[in-house]
Amino acid sequence: MLRWLLATAHLLGLGIGLGAVWARARLIGAAPLDRTVLRRVFNADAWWGAAAVLWIGTGLWRLFAGTEKPTAYYLANHAFYAKMALLGAILLLELWPMVTLIRWRVALAQGQVPNTEPARMIATISYAQAALVVLMVLAATAMARGLG
């Protein structure tokens with residue numbers, strides 16, 4: 001039962017994350033970025049973060065607790081390393097948008113108007129991250145079928 005629940009939560013995290021980062025990209029790429037749109041961007045960004053915690057948390061649990069397959073299986077699988085490299089790329093790409101959006105949140109909370117010039121770049125990064133999530137799913141399904 002635990003295996004099933006962990007696998008379900010892991011996949012839901014990926015699905016929620018894909019939808020959230022896509023929504024963030026669509027919203028932040030829209031003009032103008034008024035207070036209402038920014039709040040929607042922040043909401044999508046929060047879902048993106050929650051999804052990352054869910055899929056990374058359940059992924060680590062599945063990896064180290066051996067609930068699905070032994071840890072040695074993952075560490076000997078090239079598809080697993082591809083999936084981890086894709087996750088690493090997503091996380092590296094997220095550093096600048098995360099800091100920027102935190103600054104925007106703080107500015108809005110202080111009654112200031114944030115500098116939204118970087119919005120299009122964040123949208124582009126978000127679309128790239130969505131593509132990487134899809135590639136992660138491809139690597140995961142390959143791994144689940146013994147490929148790699």
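Which residues touch the most other members of the largest nonpolar core? Some notes, point by point.

1. Ground rules: this is a predicted model, so local features need pLDDT of at least 70 and side-chain atom pairs count only at pLDDT 80 or more, while totals for chains, interfaces and linings use all residues. Numbering runs from 1 along each chain as its sequence is written, and side-chain values use heavy atoms, with hydrogens and water left out.

2. The main core. It has 13 residues, and Leu14, Trp48, Trp55, Ile90, Val133 and Met136 touch the most other members. A nonpolar core here is a set of buried Ala, Val, Leu, Ile, Met, Phe, Trp, Tyr and Cys residues joined through side-chain atoms within 4.5 Å. Helices H1 (2-28), H2 (35-65), H4 (78-109) and H5 (119-144) each supply at least two of its residues, and H5 gives the most, with four. Helices are DSSP runs (H or I, at least four residues) numbered from the N terminus.

3. Ile90. Setting aside neighbours within four places in sequence, Ile90 is in contact with Trp48, Gln129, Leu132, Val133 and Met136; contact means heavy atoms within 4.5 Å.

4. H4 against H5. These two pack at an angle of about 155°, with axes 9 Å apart. Axes are lines fitted to C-alpha atoms, for helices over the stretch in contact, and angles run from 0 to 180 degrees between N-to-C directions. H4 and H5 are therefore roughly antiparallel (the cut-off is over 145 degrees).

5. Gly88, in helix H4. At 27% relative accessibility, Gly88 counts as partly exposed; that class lies between buried (under 20% relative accessible area) and exposed (over 50%), using a 1.4 Å probe and protein chains only. Gly88 and Leu132 are 44 residues apart in sequence and 10 Å apart in space, C-alpha to C-alpha.

6. H1. Its 27 residues reach 38 Å from first C-alpha to last, close to the 39 Å expected at 1.5 Å a residue (the expected span is 1.5 Å times one less than the number of residues). Its buried residues, among them Leu6, Gly13, Leu14, Arg24 and Ile28, pack against H2, H4 and H5.

7. His10, also in helix H1. Buried or exposed? At 6% relative accessibility, His10 counts as buried. Not counting residues up to four places away in sequence, His10 touches Trp55, Thr58, Gly59, Arg62 and Lys83.

Conventions:
Angles under 35 degrees count as roughly parallel, over 145 as roughly antiparallel, 65 to 115 as roughly perpendicular and the rest as oblique.
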